[in-house]
Amino acid sequence: MAVLLQADDVSMSFGGVHALAGVSFELHRGETLGLIGPNGAGKTTMFNCITGVLPGYRGHIYYDGRDLRNLKPHQRARLKIARTFQNLELFDELSALDNLLLPLDAFSRRGVLGDLLRLPRTVFEERRAQEKARAILHFINLDDWADTPVGDLPVGLQRRLEIGRALCLEPQLLLLDEPGSGLDARETSELARLLASVRARFKITMLLVDHDMALIMRICNRIYVLDYGRMIAEGPPEQIRDDPRVVRAYLGDATATGVVSTEPATSGAVG
Amino acid sequence: MGIVASANWGLLPGYTVIGITLGGIYALAAIGLVLIYRVSGVLNFAQGAVSMFSAFVAYQVSTVMGYPAAVGLLAAIVAGGAIGYLIERFTIRPLAGRAPLSKVVVTIGWLLVLQTAAGLIWGQTAYHRPVQLVSIQGFTFPGTSVVVGWDEFTTIVVALGLAFGTAAVLRWTTFGTSMRAVADDPVAARLWGINVNRVMAVSWVAGSAMGAIAGVLITPRINFDPISLTLVVIDAFTAALIGRLTSLPWTVIGAMFLGLAETYPRIFSSNAGAGNAVTFALVLLTLAILFRPGTRLVQRMAAGRDYVPVPAADNPPVRRVIVAAAIGVGIVIPLLFSGYYQSLAAYSLIVGLIVLSLVVLTGLTGQISFCQYSFAAIGAFTVGSLVGGHGWSFWPALLLGVICSIGIGVLVGIPALRLSGLFLAILTIAVALFFDHFLLAPGTLDSFSGGVSSWTVARPSFLGISLDGSYAFYLFTLAVFLVAVLAVWNLSRSKTGRVLRAIRNSEIAAATSGVNVTAWKLTSFGVSAGLAGLAGGLLAPGIGSVSAGAFGFQQSLAVAAIAIVVGVRSVGAAAVGGIFLIFGPELLTHTPISTLAFPLIVGSILILQVILTPQGVVPDWQARFRKRFPPAPRFPTAPEPLVVEPMPNLTASEAPTVKV
């Protein structure tokens, strides 16, 4: 399989803290990769480096064979890299539909003048974009909330909407930063189903960060484990589950086994 | 070289003393500011106004009523503390949990109220004999020939004493610790048993009392009138910014530096505004150097946010009827009135354009601006100097004026990229003062500003129709206004509007969704400045002449206040704002109240409105109206649903039911 994203010896420090210390990994086209690790392991930092939110990392990140180093966040988005945020970054005052329209707006090339004068092209493009956003809204099953300001929606729906907004970018690569945090068991199960159908329908390569082992095990083809800014393990879910280094990273040395859930149906949040 | 050669270096030691004394006064004003900011998180734009009002109380007690100067100072301190308490207790405390900017707007309301009240009581421009606390007799500084006045010496000692005293209280006393705890996290502090309200009230009282001392001390040194004294807050801001709004020692150093930097240019230049240019440059420099994105302070600014949802879709047929009726009234009613009122109506629509420019910048992008009249001035003076000075025809001059305004708007937008909220407010005030006191002041750029005289601009003709008559010109401004409103409305409901609102909500999410945040922010500054410039260009033939007094900081402040009162998120509010701002004082002439009281009314309404209807008056009406006439659904016919493919890895018991 072709490599879509390749991190090569990526390091990032804040003051004296090494959030990432020489992390390398490869993400193949079409696969769903899990990135796990205890809190503070550097997972979100990795996302921020990939999407350009944090400039100034050392090392290289290649996307589709291209070094991302000098690209601004919006330029990376135009390369079809989409992401969600651990702490939900929706446009709270905009309606659900307008939230979905935004990536489409960002990609449209028309300027201010066309909007000021409401030229025919504006009207046409608005209609097209609305249809597209409407379809995604239907896909994430939020039709009934189209006109609701999203700040008013419960967290579960907001998480789904954020995934929907990322989908509107028509991404090749989707980065999901703890999509399951703050969700109850039922919502998590719905999320798993949504992610599975996203993968099936849109053929998107996904990189998933979460603490919910059941979710990760259920969706991911392969898992990387980060701890203190280093990659400590890599492999298919079954192998990772039994890897002593992973267990140690999560639980420390004293306790050893049985806590990392082996039952896919229970949603044991670890870490 | 000529400048340096003409400098009189013999003045240097004397100016150093003057500069350090000025710095001491700025430090006093800034310490109060920093104390209030550190504890309550509110940047008090009324700090200068409180100083001013207290200084006038001292003036009343000592100069007018004849008590000793010390009694006057005491009265000023009591008055300052009392005003500080009133502000905190009744207008800041009810806003707990609201965005910092709302609180700032309230303090701007207080600025207007106090300034206008002082003007009404003690006279806006009359000469006031300052309260001289300490003898101006001096001593020769040991080892030099420099004479230092005892008043100057006292000022410096008091400033340093209060600065380090306050720092010591914050650092080493229990109450200081609880102040710092409240500053860090009011909610947690409350849970740990700290009386947060009391701590905040104390900080406001103490900070305002210090402001009062600064006010009394500064009166012998600057024009003792309500406006000049109020603007001392800008220098205090600059000093406080150098101390990152937190460090008191650095604030003092910054204040001294600022005092010297404002004084030394007088060695080279007779232009009184040169000091203001220095202040402006310092504000810009400090903001640029200290406030890089990601510093803790900026994050704290972003923490609170007023949550105001975008109005739901409205009801188009009803809206059309209302808009058509409003236009009809707008065309017919002025016919019933005299030419004077028709001219006023035209004027109010032009001011409405400036309010509209704030709808774009503040309403959509969420960037505050207190320098819209400076953008308007670019348009007005371009038209004025080209038509009045070089005999250009009006229309090309107007076009050039708008283009220049857009350019300046983008230039102002560049430092604004890194700033938001409070710091942007400070920046734009600095821009406005830079225009007001330097660029447009006589002697700086007379070929543009006209110097002491004003430019005369005759009303042009449009497509062969003369716009000389009041009604003809009014109709023309009405047409321009309607086109501009339509354009901004188009903007707000299509891509541009969504993108700008998205940037206001979350820059990081907008960027990762593919939005070039930098370009769009600059665009919004450009569009906004262009609209203001258009208004300025129309104002030139509207009034018939262009002079600097009509484009001051006070006007910018008033228009921003009005825009917030009527509702800066609503396009329809622009017309209401313009009419209110122009016809309000006109209405007052028919009452016993002086028209000079108008800013006081505006300020009071502003304070009440922020507390009672945060969205603004017009959006509030609109919301009520929409309840009466509910909107039609946006999509009458839903598009074909997508077929969701069966999902892998699922057992029958977990059949997809993604219903909520």
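Analyst: Start with two terms. Strands (E, at least two residues) and helices (H or I, at least four residues) are DSSP runs, numbered from the N terminus. Two strands pair if DSSP finds at least two bridges between them.

This is a predicted model: local features need pLDDT of at least 70, side-chain atom pairs count only at pLDDT 80 or more, and totals for chains, interfaces and linings use all residues. Residues are numbered from 1 along each chain as its sequence is written, while chains are lettered from A and ligands numbered from 1 in the order in which they are written.

Begin with the six-stranded sheet of chain A. This sheet is open, and its order is β6-β7-β8-β3-β9-β10. Its pairing is mixed. Which strands stand at the edges of this sheet? They are β6 (81-83) and β10 (230-235) of chain A. Each has a single partner strand, so one side of each is left without a neighbour in the sheet. On average, neighbouring strands here are turned by 20° against each other, direction ignored. (Axes are lines fitted to C-alpha atoms, for helices over the stretch in contact; angles run from 0 to 180 degrees between N-to-C directions.)

Three bridges link β6(A) to β7(A), and the two strands pair in the parallel sense. I81(A) has L173(A) of β7(A) as its bridge partner.

Follow β7(A) to its end. The loop between β7 (173-177) and α7 (185-202) of chain A holds E178(A). Phi of E178(A) is positive, about 45°, although this residue is not a glycine. Is E178(A) buried or exposed? E178(A) counts as buried because 21 other C-beta atoms lie within 10 Å. (The cut-offs: buried means 20 or more other C-beta atoms within 10 Å of the residue's own, exposed means 12 or fewer, and partly exposed is in between; C-beta atoms are placed from the backbone.)

β9 (residues 222-227) of chain A runs antiparallel to β10(A), and five bridges join them. Within this pair, Y224(A) stands opposite E234(A). The two strands, β9(A) and β10(A), form a hairpin with two residues between them. Y228(A) sits in that turn, with a positive phi of about 50°.

Next comes another sheet in chain A. It is open too, with four strands in the order β2-β1-β4-β5 and antiparallel pairing. Its edge strands are β2 (17-28) and β5 of chain A, and each pairs on one side only. Strand β1 (residues 3-14) of chain A is antiparallel to β2(A), with eight bridges between them. In this pair, S13(A) has H18(A) of β2(A) as its bridge partner.

D64(A) lies between β4 (58-63) and β5 (66-67) of chain A, in the loop. Its phi is near 55°, a positive value in a residue other than glycine. How exposed is D64(A)? D64(A) counts as partly exposed, because it has 16 C-beta neighbours inside 10 Å.

How confident is the prediction for chain A? The average pLDDT (the predictor's confidence in each residue, from 0 to 100) is 84 for chain A. In that chain, 92% of the residues score at least 70. One stretch needs care: over residues 254-271 of chain A, pLDDT stays under 50. The model has 33 contacts beyond four places in sequence for that stretch. (Two residues are in contact if their C-beta atoms, placed from the backbone, lie within 7 Å.)

Chain B has 29 helices and six strands. Of its 660 residues, 52% are buried. One of its helices is α26 (residues 553-566), which holds L557(B). L557(B) is buried, with 24 other C-beta atoms within 10 Å. Beyond its neighbours within four places in sequence, L557(B) is in contact with I108(B) and F370(B). L557(B) and I108(B) are 449 residues apart along the chain, yet their C-alpha atoms are separated by 8.2 Å.
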